[in-house]
Amino acid sequence: MGLDKTVASAAEAVADIPDGASLAVGGFGLCGIPGTLIDALWQRQTRDLRIVSNNCGVDDWGLGLLLAAGQISRMTSSYVGENKEFARQYLSGELEVELVPQGTLAERLRAGGAGIPAFYTPAGTGTQVGEGGLPWRYAADGTVAVASPAKEAREFDGRPHLLEHGITTDFALVRATIGDRHGNLVFRSSARNFNPLAAMAGRVTVAEVDHLVEPGELDPDEVHLPGIFVQRVVRVTPGDPAAERRIERRTVRQEGDV
């Protein structure tokens, strides 16, 4: 592949993602989610996807589209969120779910992208996160079919820590505000929470960008993620409904509130 990493469409960008692939997907709630790329996967009906993402969208948007269509078999997340279908599939045994403390999930993605196979953290000590037994998959009768294993523990400075493993995935899907043809990306505000980490963890990372610029237009000091981590860049089509920015829970001030 040359230095120009742009591809013509989201459909082309995800065309080689096979059934059963593992994906790291950026976004925090509905902020910064790669909606165009998710929509392209939904239309391709790619199935048995194993997804690592902070949450799974909502019932009718983001990763929730793939979930409702039965295209996801496993989620590694820190938050069920506002997605009732996520909870239903998990409790009915249709979906395997590994719940991970949010900071641990972020560091597992970063570690995987940095080539660090494992690390120790105090998060989760003294709980089922470390001791094992968290339900990963339920049976149809409500019993636990697959439970989390106990984690290796070690003491540092008199405090117990758990061994956590870095995460790498076959592909990663992320969204950036600005990207150039070399794959250098700039994220906006909360969209920066998980997108750079997901991009690092993917062996093949696909970025959808709102604004595509030419190489050299970005000040190197403004780049949040260097193009070394990105293999494909797709410009979001203005007005594309799949790229809409939604608010997960709208909160407004009531009349008379100070």
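Where does S189 lie? S189 lies in the loop between β11 (185-186) and α7 (195-201).

## Basis of the model

This is a predicted model, in which local features need pLDDT of at least 70 and side-chain atom pairs count only at pLDDT 80 or more, while totals for chains, interfaces and linings use all residues. Residues are numbered from 1 along each chain as its sequence is written, and side-chain values use heavy atoms, with hydrogens and water left out.

Helices (H or I, at least four residues) and strands (E, at least two) are DSSP runs, numbered from the N terminus.

S189 has a positive phi of about 50 degrees although it is not a glycine. S189 is exposed, at a relative accessible area of 57%; buried means under 20% relative accessible area, exposed over 50%, and partly exposed in between (1.4 Å probe, protein chains only). D157 is likewise not a glycine and has a positive phi of about 55 degrees. Most residues other than glycine have a negative phi.

D157 sits in the loop between β8 and β9 and is exposed at 85% relative accessibility. The two strands, β8 (residues 153-156) and β9 (residues 159-165), pair in the antiparallel sense over four bridges; pairing requires that DSSP finds at least two bridges between the strands. They form a hairpin with two residues between them, and F156 has R159 in β9 as its bridge partner.

## Nonpolar cores

A nonpolar core is a set of buried Ala, Val, Leu, Ile, Met, Phe, Trp, Tyr and Cys residues joined through side-chain atoms within 4.5 Å. The largest one has 29 residues, and I17, L23 and I51 have the most contacts inside it. Elements that each supply at least two residues of this core include α2 (35-44), β2 (49-52) and β10 (169-180). The largest share, four residues, comes from α2.

Leaving aside neighbours within four places in sequence, I17 is in contact with L23, L41, T46, L49, F171 and L173, where contact means heavy atoms within 4.5 Å. A second, separate core has 23 residues, among them A172, A201, V209 and V230.

## T169 in strand β10

T169 is found in strand β10 and is buried, with a relative accessible area of 1%. Its side chain reaches the backbone nitrogen of A24 at 3.4 Å. Not counting residues up to four places away in sequence, T169 touches S22, L23, A24, V52, A201, G202 and R203.

## Salt bridges

The structure holds 14 salt bridges, each a side-chain nitrogen of Lys or Arg within 4 Å of a carboxyl oxygen of Asp or Glu. One of them joins D210 and R175, with the closest N and O atoms 2.7 Å apart. This pair links strand β12 (residues 202-213) to strand β10, the two residues being 35 residues apart. D210 is buried at 13% relative accessibility, and R175 is buried at 8%.

E214 and R181 also meet through their side chains (3.0 Å, N to O). E214 is partly exposed at 37% relative accessibility, as is R181 at 24%. Salt bridges that share partners join R74, E96, E98, R108 and R137 into one network.

## Cysteines

The structure holds zero disulfides, a disulfide being a pair of cysteine sulfur atoms within 2.5 Å. The sulfur of C31 has its closest cysteine sulfur in C56, and the 17 Å separation is too far for a bond. C31 is partly exposed, with a relative accessible area of 30%, whereas C56 is buried at 0%.

Key:
A polar contact is a pair of N or O atoms within 3.5 Å; within protein, one must be able to donate a hydrogen and the other to accept it, and residues adjacent in sequence count only if both atoms are side-chain atoms.
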